[in-house]
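Hi there,

Here is the structure I promised to pass on. Have a look at it first, and then read my notes below.

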Amino acid sequence: MTRRPSIRSATAIAAAFMAVLLAGFLASTAPAQAEKRVALVIGNNDYRNVPKLQKAVNDARTMGDTLKQLGFNVMVAENLNRQAFSETLLAFDRAVEPGDTAFFFYAGHGFEISGQNFLLPTDVPAATEGQEELVRDASVLADRIIERLQNKKARTAILVFDACRNNPFERSGTRAVAGGGGLAPMTQLPEGVFSVFSAGPRQTALDRLSNDDANPNSVFTRTFARELLQPGENLVQVAQRTRRLVSEMAETVNHKQIPVYFDQMVDDVFLNGMAKGQAEAAKPSAPPQQVAALPPVSVPKLPKEDAVNAPIASFSRHNGGWTVVISIADPALGISWRMGDAGDFRETGFIDTLDPRTRKRMPNPSIELPADAPAGTIQLRYVDTQGEMQGPFPIRFDPETALIRDQRKILDMTATSWLSFREFNGLLVYYTHLMSYRCAIREVRIGIDTAVPDKVLKMPACDLRDPSAIPSDAQPYLKLAPQTKSISVELTYRDGSVSETKTFRR
């Protein structure tokens, strides 16, 4: 196969990339917009001192072509050594401006050391045991890329890593560097960042499904690139569909590969068109959106141009059903609602509290729904202090999604209660708390007297009809050896994200 020339110099890259951006702006006849779309994709195959890769460069080229179709100004860089890697990132820095949507894609070797992720240039040395600092100094810290985009005030930062492979430093007859092939979960992301990994913790990403698989791209990238081009899907939907499809393909060859994503977006991000159903509501005369960054999932029909105080709802599941708590920033004199687009509105009533802003009784901010309430749209409206009716505002209700989010939030807030030790006819560890909120959990892994959770803790299936109930035949505890000192726990949530590893000691 004929290779394209590798990247030559940072000066040439920066000049060419900035010229592309300038040409894009000069060619546009639409009014100037504050944000644009810029992308850097990197593929490293030709490693000198660690095993070479076969498809990383192809993956970068495919992602570059895909992002160009989505309106990104794209820089594609191949087989970067450490200096070229740094210079390329500097060129990317110069291209990103405040308010931009920035997309970073990396295919190549990645390595995790003490929970930090490093992207390996092609000249990374062949390190051995005790030379972790050598790897750190010769590589690029993934978290630093996020910091750089934050410093540039990018509105949205999307980072995709197809780097979940085996430890590249393993050698027969030698002790490898203390770390892990692939990358560690990035659970503590700042607001406005969305990251995707081609495989989950301790999983390896497949380059191909069999020896007869002639696809030039890895299993993850071929799927992810295709899903990005699906119209009307937000990033979460793209990541979820990619995860499902990749997982199903890997299972056909008895391999476990479940891509994971970590979402710290405030709004829904659409890279290829608006949400389905939203486009029909747009005015026919409106010009097509060329570089929109973050259109919302749906745009409620507001009664006035300046009515921007749309209510926010949170859903909580309990034994009796659902409680929907409504939050309205401005004072309200009354709140009413209905389920769906037809029927009468019902008042929520009042609580025995005076609103200090109006000196009147405060409207009840909650709505009760039965446990078997189907998915639908709650139409909510309120009376403002001028006596004018605002709304109705649509609030989507999806019982399964709401349950998972509610339980996930509870698990995050009560991490110290995941496990508890008891001594009763021996040493027991109870995980009743995890069972009670299992609908938000895909997998529980534990490690007994080790900081690495290496065993799967079996959980009952989620029952959406009574999600907190523990089945009578379930055993919510483990019997442990009397000398056990600690247990580490890691949760993989239903959305594919992974918790921090928690350690519980006796």
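Let's start with two terms: strands (E, at least two residues) and helices (H or I, at least four) are DSSP runs, numbered from the N terminus, and two strands pair if DSSP finds at least two bridges between them. This is a predicted model, where local features need pLDDT of at least 70, side-chain atom pairs count only at pLDDT 80 or more, and totals for chains, interfaces and linings use all residues. Residues are numbered from 1 along each chain as its sequence is written, and side-chain values use heavy atoms, leaving out hydrogens and water.

Now the sheet. Three strands form an open sheet in the order S11-S12-S17, with antiparallel pairing. S11 (312-318) and S17 (366-370) are its edge strands, each pairing on one side only. Between S11 and S12 (residues 321-327) there are seven bridges, and Phe315 stands opposite Val324 in S12.

Next, the aromatic rings. Rings of Phe, Tyr and Trp (its six-membered ring) pair if their centres lie within 6.5 Å; planes under 30 degrees apart are stacked, over 60 edge-to-face, the rest tilted. The whole structure has 11 such pairs. One of them joins Trp322 and Phe397 edge-to-face, at 5.4 Å centre to centre and 80° between the planes. Trp322 is in S12 and Phe397 in strand S19 (residues 389-397), 75 residues apart.

Are these two residues buried or exposed? Buried means under 20% relative accessible area, exposed over 50%, and partly exposed in between (1.4 Å probe, protein chains only). Trp322 counts as buried because its relative accessibility is 2%, and Phe397 is buried because its value is 1%.

Best wishes
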